[in-house]
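Please keep the sequence and the 3D view at hand while reading.

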Amino acid sequence: MTNEEKKRIKQMLDYAVKSYKEMSNREDVFDKPCIKIEAAARQSAAFNLADALYQHKFITFEECCEVWAKVGFIDSAENCPYKKCSANKNGKC
C-alpha cells in the first residue's frame, strides 16, 4: 500500500470519528430522537469502517481499537496488551 493510500484511509477514519463527535456533542438538541438515532448511526459507521479495514488488513488492530475508543464503543480495560496503541492510556485501552 502506498503512503497516499495510507493517508486516505487515515482521513476516512478521522472523518468518521469527527462526524460522530460533532453529532454526539450537540447537547442543545440531543434530547430529540432524530439526533440520538443519527449519533448512533454515525457511531456504528465509524465502528464498522474500522472493523472492515482491520478485517481486510488495511489497518492494524491497534488502529482499529483506537477508533473504537474514540467513538465510545469500548470501555477502559485493565492491562491493555497493545502498548503502541494511542488509545492506550496508562495501560488501559
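## Confidence in the model

The model is predicted, and the protein averages a pLDDT of 82, with 75% of the residues scoring at least 70. Where pLDDT is low, the predicted coordinates should not be read in detail.

## Aromatic pairs

The structure holds three aromatic pairs. In one of them, phenylalanine 47 and tryptophan 68 are stacked, at 4.7 Å centre to centre and with 20 degrees between the planes. This pair links distant parts of the chain, since phenylalanine 47 belongs to helix H2 (residues 33–55) and tryptophan 68 to helix H3, 21 residues apart. Tryptophan 68 counts as buried, at 13% relative accessibility.

Tyrosine 54 and phenylalanine 61 form an edge-to-face pair, 5.5 Å centre to centre, with 70 degrees between the planes. Tyrosine 54 is partly exposed at 31% relative accessibility, and phenylalanine 61 is partly exposed at 23%. Ring pairs link Phe47, Tyr54, Phe61 and Trp68 into a cluster.

## The largest pocket

The largest pocket has a volume of about 220 Å³, and its lining includes Met1, Lys6, Phe58 and Lys70. Helix H1 (3–24) and helix H3 (61–70) each supply at least two lining residues, and the largest share, five residues, comes from H1. The lining divides into six nonpolar and six charged residues, with no polar ones.

Technical notes: Residues numbered from 1 in each chain as written. Predicted model: local features only at pLDDT ≥ 70, side-chain atom pairs only at ≥ 80, totals over all residues. Heavy atoms only, no water. 1 Å grid on protein atoms, 1.4 Å probe; cavity = no way out; pocket = protein on both sides within 12 Å on 5 of 7 lines; lining within 4 Å. Points joined across faces, edges and corners; volume = space filled by probe spheres on them. Helix = DSSP H or I, 4+ residues; strand = E, 2+ residues; numbered from the N terminus. Nonpolar A, V, L, I, M, F, W, Y, C, P; charged D, E, K, R; others polar. pLDDT = per-residue confidence, 0-100. Phe/Tyr/Trp six-rings, centres within 6.5 Å; stacked < 30°, edge-to-face > 60°. Buried < 20%, exposed > 50% of the residue type's maximum accessible area, 1.4 Å probe, protein only.
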